[in-house]
Each structure stands twice: as structure tokens, then as C-alpha cells.
Amino acid sequence: MDHQKIFEVATVDMSKAKTDRPTVAKQLVDAMEGVGFVYLDNVEGFHSDEMYEAASWFFSLPQEKRDAIAKHQWNPSNEKIYRGYYPTIPGHVSYKEAFEIGIPLDDDDPLLKAGIFLYEQPKWPEEETGAPEFQKIFEKYWYLMEAVSLEVLRLMCIGLGIEEHTLDYLFKSRPLATLRLLRYPGLQESPPPEAWDGDTLITTADHADTSFLTLLTTFHYEGLQMMNEQSNQWVDVKSHPQALLMNIGDLLSRMTGGRLKATRHRVIYKGCPRLSLPFFFEPRFDAKVGGLLIPGVVKETAQEDTRPKLYGEYCLRRTSQFIEYASTDFEPIIARMKKYIEVNA
């Protein structure tokens with residue numbers, strides 16, 4: 001499929017939300033009803049240079065040091081199966097390595113002691129003298145992205161004409177948000193045939209996010225494409241190093257009856273390695289989602305499945321479809337999670 005040249009995504013000045021919330025709220029909703037992507041500029045506390053330095057340090061570590069903290073699937077000596085590092089998987093369209101964390105928790109947290117592994121803490125790399133304080137920077141960034149995500153959701157509620165805290169309850173206390181540091185190392189030796197779209201090499205396949213909303217730090221790298229529904233063409237999204245690129249996931253789109261768009265996107269090879277840093281904002285594990293529709297935004301209508309689902313179960317069944325978790329049996333984990341909720345109801 002042909003794709004156009006660089007597409008200029010609209011930009012919203014988040015500093016104006018302090019003095020003119022209705023205008024910023026309308027801009028965000030307009031963007032999500034239209035293109036489905038928007039840049040957030042002047043986000044208080046956001047400095048991509050600090051995270052870029054930390055990311056560059058991590059991926060400059062020798063591969064054996066990264067492998068030493070890899071999740072259980074790649075390093076059986078590590079008990080972590082959900083959070084932490086995973087390497088590239090040759091022979092697949094998805095060709096990238098990553099380090100990811102969820103909400104920082106103490107080891108004696110009740111959820112961790114109960115074995116709710118969705119909240120497990122990663123195995124961190126050993127830090128070196130003179131190197132960036134990787135764990136400190138990464139955890140600080142997680143909390144910043146959580147705060148920005150909540151602010152964006154509240155503004156979108158205003159723009160949708162409902163009370164701004166309508167969705168807060170889904171994220172109270174312990175959201176299942178993921179901060180994922182990604183490196184696309186470049187051209188793999190033998191890309192599979194399905195990785196090619198004409199002369200374009202795909203490194204993350206065409207998809208719409210399945211969570212609630214995503215905040216992406218692009219740094220200075222190109223390679224992200226979005227589907228322009230009007231032209232039915234892939235368009236290159238211009239990077240904006242000092243802004244956050246925001247889009248929503250399928251879950252929030254369905255909760256608005258499709259009013260807000262979960263836009264399809266992909267990543268392509270642009271001739272060099274690429275770093276990016278998405279933050280996937282997701283409800284807490286025991287939040288009920290499924291056929292939930294936001295009151296006041298859409299009317300209750302018949303859907304394929306209107307039964308409430310536990311978000312943790314929804315999350316795990318979705319995750320099981322990813323190649324990085326192909327060998328993980330999530331059923332015992334789902335059962336343990338349901339038991340914990342039943343006992344603590």
C-alpha cells in the first residue's frame with residue numbers, strides 16, 4: 001500500500017489547560033474524533049533528553065548484561081515473567097528489544113505477596129559509576145506519565161460533555177500502566193515475507209492499541225506511520241522530540257461507542273536503529289470493563305459482549321497473543337487473580 005510524505009499531527013499546548021480547560025478539552029476531543037493522534041506540547045516536567053540519555057546507556061550495555069536481566073522465557077534463572085527486559089526475536093515482523101516496568105511497588109506490597117504477577121517488579125540492570133541513575137529516572141518518568149494520562153482523560157471527559165472525574169475510578173490506587181523502553185536495532189538478517197509492504201520493511205505490524213490511551217516519546221526518530229482513513233494510505237508521523245504523541249486504545253474507543261478513534265499505526269525501518277518510549281495507560285487489574293459505555297456519551301445499545309470483564313483478565317488474554325509471551329501459560333495466573341479478588345471483595 002502506498003504511503004504519503006510526512007503528516008503534520010496537530011499540537012495541543014497543555015500549559016493552557018491551567019487557564020482555559022474547555023478550549024484544551026475541545027482540542028483533544030476534536031483530534032481523537034478526527035485523526036486519532038495529537039501532540040501534547042509544554043507538558044510540565046517532561047524532559048525527553050534525560051530519558052534519552054538513560055535509554056542510550058541501557059542499550060549500550062553488552063548484550064550479556066542485558067540477557068542477565070531478561071525475563072524468564074529468555075533467562076530461566078530469572079523468575080520474572082512479565083516485567084523487565086526481552087531481546088529481539090529473529091524471523092518475526094515484530095523486531096525490537098525492550099525494557100518495561102509497571103507501577104513501582106515495595107516487595108511487601110499485598111498484591112505482590114499474593115502473586116498477582118501483573119504488578120511484579122523488574123530485575124534492574126546494575127548501575128555504573130558516572131552512568132545515569134537508570135532506575136530512579138525510569139520510575140520518576142512512570143509517575144509523570146501517569147499524572148499526564150489522568151489529566152488528559154479528565155480533559156477529554158470535559159470535551160465529551162461529562163464530569164471530568166468520570167473515569168478516575170478505573171485507575172484508582174494501582175493502574176496497570178506500562179512504561180516500555182524500545183529499541184529497533186535495524187535491519188534483521190532475514191525478515192519474513194510478511195514484514196514487507198512493497199519496498200517498505202515493517203518492524204511493528206499494523207495495529208490499533210488495545211488499552212486505554214498511549215503517550216509516546218518519539219525522541220528525534222522517524223519510522224512511525226498511521227493510517228489516513230480518508231486516503232486509505234499510510235502516512236509518516238513527524239517526530240517531535242520535546243512533545244508527547246498521544247493516541248487512544250480500542251478499549252476507550254469502544255467505551256465511547258466509537259466516537260473517539262483508535263487509529264491503526266505501524267513502525268517501519270528507516271535505515272538506522274530507532275529508540276522510542278511508549279507509556280500504555282491501563283485500568284487497575286480488578287476494574288470491570290468489557291461492554292462498559294460511558295454514561296452521557298453514548299446510549300446503552302446491544303453489543304457483541306456487554307458483560308463486564310475484569311481488566312486484568314482482559315489484559316492477560318490480549319497479552320497472550322503477542323510473540324513475546326507465546327510460551328507463557330496465563331490460565332493459572334488468571335485463576336489466582338480471580339481468587340484474590342473474591343477473597344478481598
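This short talk covers the pockets and some of the salt bridges in the structure above.

The model is predicted, so to speak of a local feature I need pLDDT of at least 70, and side-chain atom pairs count only at pLDDT 80 or more, while totals for chains, interfaces and linings use all residues. Residues are numbered from 1 along each chain as its sequence is written, and side-chain values use heavy atoms, with hydrogens and water left out.

Pockets come first. A pocket here is an open set of points, on a 1 Å grid over the protein atoms alone, where a 1.4 Å probe fits, with protein on both sides within 12 Å along at least five of seven lines; lining residues have an atom within 4 Å of a point. Volume is the space filled by probe spheres set on the points.

The largest pocket has a volume of about 880 Å³. Its lining has 39 residues, and Arg-180, Thr-204, His-207, Asp-209 and Phe-280 lie nearest the centre. Among the elements that each supply at least two lining residues are strand 8 (200–207), strand 14 (274–281) and helix 7 (311–319). Helices (H or I, at least four residues) and strands (E, at least two) are DSSP runs, numbered from the N terminus. By class, this lining has 17 nonpolar, 13 polar and nine charged residues.

The second largest pocket holds about 210 Å³. Its lining includes Met-14, Lys-18, Glu-44 and Glu-151, and the lining divides into six nonpolar, two polar and three charged residues.

Now the salt bridges. A salt bridge is a side-chain nitrogen of Lys or Arg within 4 Å of a carboxyl oxygen of Asp or Glu, and the count comes to 25.

Two residues already named, Lys-18 and Glu-44, form one, with the closest N and O atoms 3.1 Å apart. The pair links distant parts of the chain, 26 residues apart. Lys-18 counts as exposed at 66% relative accessibility, and Glu-44 is exposed at 60%. For these words, buried means under 20% relative accessible area, exposed over 50%, and partly exposed in between (1.4 Å probe, protein chains only).

Lys-65 pairs with Glu-128 at 3.5 Å between the closest N and O atoms. Lys-65 lies in helix 3 (residues 63–67) and Glu-128 in the loop between helix 4 (110–113) and helix 5 (134–159), so this bridge ties together parts 63 residues apart in sequence. Lys-65 is partly exposed at 44%, as is Glu-128 at 34%.

Glu-133 and Lys-136 also meet in a salt bridge, at 3.9 Å from N to O. Finally, salt bridges that share partners join Glu-313, Arg-317, Glu-331 and Lys-338 into one network.

Methods
Ala, Val, Leu, Ile, Met, Phe, Trp, Tyr, Cys and Pro count as nonpolar, Asp, Glu, Lys and Arg as charged, and the others, Gly among them, as polar.
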